[in-house]
Amino acid sequence: MNTPARAPRSPKRGKGRPAPPQPDPTRDIAFDILCGVVEHRRMLENSLSRSAEAHKAEPRDRAAAHRLAAATLRHMGTLRTVLEPFLRKEPPEPVRVALMIGCAQLLFLETPPHAAVGTTVSLLRRRKLAPFAGLANAVLRKVAAEGQNVLEGLDQARLNIPAWLWSSWSVLGRGVPRAIAEGISHEAPLDITLRPGATAPEGGIVLPNGSVRYPAGTRVADLAGYEEGAFWVQDAAATLPARLLNVKEGEKVADLCAAPGGKTAQLAVTGAQVAAIENNPNRMARLKENLARLGLGNVITLQADAGTWQPDAPLDAILLDAPCSATGTARRHPDVLWVKRPRDLTTLTAGQDRLLEAAKNMLRPGGRLVYAVCSLQQEEGPDRARAAEAMGLVPDPFTPEELAFLPEARTPEGWLRTHPGMWADKGSMDGFFAARFIRP
Ligand SMILES: C[S@@+](CC[C@H](N)C(=O)[O-])C[C@H]1O[C@@H](n2cnc3c(N)ncnc32)[C@H](O)[C@@H]1O
């Protein structure tokens, strides 16, 4: 077994001192993000908001850092494996993080070797890890020379998914864990949902569900019509739960876990009377901003716990997009793979049951509930649908006609199950589970 390495001696200086390290906010912020995820199991956004470097950086540098960190996370299992034979001893975790950033640039981001090596060495110097600069120089030069050959012998899809998740996804079908891993291995495209009657900005392709898709890296604010509220950002799979609630004009509807509001917007444009409930004040602020941009002033927004909130009168329909492990969003948020643990599911599923029970009691007899999670986990999807049935809700299966544009997502029970292995030829989709019920 490898043992922790002592810091090697500083590389010998020539006649002059080494040049002082150049500022490099992109790599500094990416380093902070990755240390937060890897060492402290903090989600990427949380790590980003704690990074002092990120606070003083230009938006452009923050965005570049976000993409570099996400690319490193997407390939993290592979990067660890590639580095292993070049390290005689285990380096401290922050040094390994810096090496992974350098390695990701060499192997996946087409950064020229001198830049990948040089920026990693400078990063270590800026972060008071100068004694490891020589090690990084030597290791990354070897990766530059031999890394592509090493990659060829690796099962990258398998390495980039933690073992517990890979085995949990095998219930989804033969070959599905690999298909999901391949879907996650690429940066997600940008999908938008158009307001009824709005024209799609140029450059997108229309997907079978009506979403319009733009290449990964497209900046939403650059698309024509954004400021005017012609559309909102929403993965194609994320449009399905609200659509399957089949809300009609004038109905009394609640969106119980609403921010940032893509599904609220879908419900509101039908002309229904929508109450959007959200308990997190920061996320509520984002929801309100989004609804204001879209001009959807007809939505009532309430900061409240959906587990205790009561409507004035029983509701016709409810969307419960419950908080979950979010493993279905790993192509946008690859940090999820390395932050979540099996034990998190116990707390999450208890919360989902609490919200299901509360939602049931808000409905009028005959009222409809769609329960949805952006999770690929059995415990948060099918097991919760069974729990809802045990609470007295009556299943109302999705019909083949409702899912005619995506028949592979309809389960034998009439639930919805999407995953990142679907629409592989179109750029994939997020993983969602949804089930519909009627209150008897
Ligand atoms: C999966 S996200 C919802 C995404 C949203 N439906 C959309 O499409 O944009 C879950 C949301 O539920 C909120 N939330 C979590 N627990 C809640 C509770 N007890 N009551 C209300 N909102 C809650 C979270 O803050 C988060 O914004």
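1. Helices H4 and H6 pack with their axes 9 Å apart, at an angle of about 90°. Axes here are lines fitted to C-alpha atoms, for helices over the stretch in contact, with angles running from 0 to 180 degrees between N-to-C directions. Helices (H or I, at least four residues) and strands (E, at least two) are DSSP runs, numbered from the N terminus. H4 and H6 are therefore roughly perpendicular to each other (65 to 115 degrees; under 35 counts as roughly parallel, over 145 as roughly antiparallel, the rest as oblique).

2. The model is predicted: local features need pLDDT of at least 70 and side-chain atom pairs count only at pLDDT 80 or more, while totals for chains, interfaces and linings use all residues. Residues are numbered from 1 along each chain as its sequence is written.

3. On the H4 side, Leu68, Ala71 and Thr72 meet Met100, Ile101 and Ala104 of H6. Contact means that the C-beta atoms of two residues, placed from the backbone, lie within 7 Å. The residues of this contact divide into five nonpolar, one polar and no charged. Nonpolar covers Ala, Val, Leu, Ile, Met, Phe, Trp, Tyr, Cys and Pro; charged covers Asp, Glu, Lys and Arg; the others, Gly among them, are polar.

4. H6 also packs against helix H5 (residues 76–83), where the axes come within 10 Å and cross at roughly 100°. H5 and H6 are therefore roughly perpendicular to each other. Met76, Leu79, Val82 and Leu83 of H5 meet Leu99, Met100, Cys103, Ala104 and Leu107 of H6. By class, this contact has nine nonpolar, no polar and no charged residues.

5. With helix H7 (residues 113–126), the axis of H6 (residues 93–107) comes within 9 Å and crosses at roughly 165°. The pair is therefore roughly antiparallel. From H6, Val95, Ala98, Leu99, Ile101, Gly102, Gln105 and Leu106 meet Pro113, Ala116, Val117, Thr120, Leu123 and Leu124 of H7. Ten of the residues in this contact are nonpolar, three are polar and none is charged.

6. Two backbone values deserve a check. Glu110, in the loop between H6 and H7, has phi near 55°, a positive value in a residue other than glycine. A cis peptide bond joins Ala259 and Pro260, with omega about 5°. Pro260 sits in the loop between strand E5 (252–255) and H13. Most residues other than glycine have a negative phi, and most peptide bonds are trans.

7. The ligand is surrounded by 19 residues, the closest being Cys257, Asn279, Asn280, Ala306 and Asp321. The criterion is a C-beta atom, placed from the backbone, within 6 Å of the molecule. Helix H13 (262–268) and strand E6 (273–278) each supply at least two residues of this shell. By class, the shell has nine nonpolar, five polar and five charged residues.

8. The protein chain is divided into domain 1 (25–158) and domain 2 (236–438), with bounds from an automatic or database domain assignment. Their centres, taken over C-alpha atoms, are separated by 36 Å. Nine residues of domain 1 are in contact with five residues of domain 2. On the domain 1 side, helix H1 (25–40) and helix H4 (59–74) each supply at least two residues, and H4 gives the largest share, three residues. That side has seven nonpolar, no polar and two charged residues.
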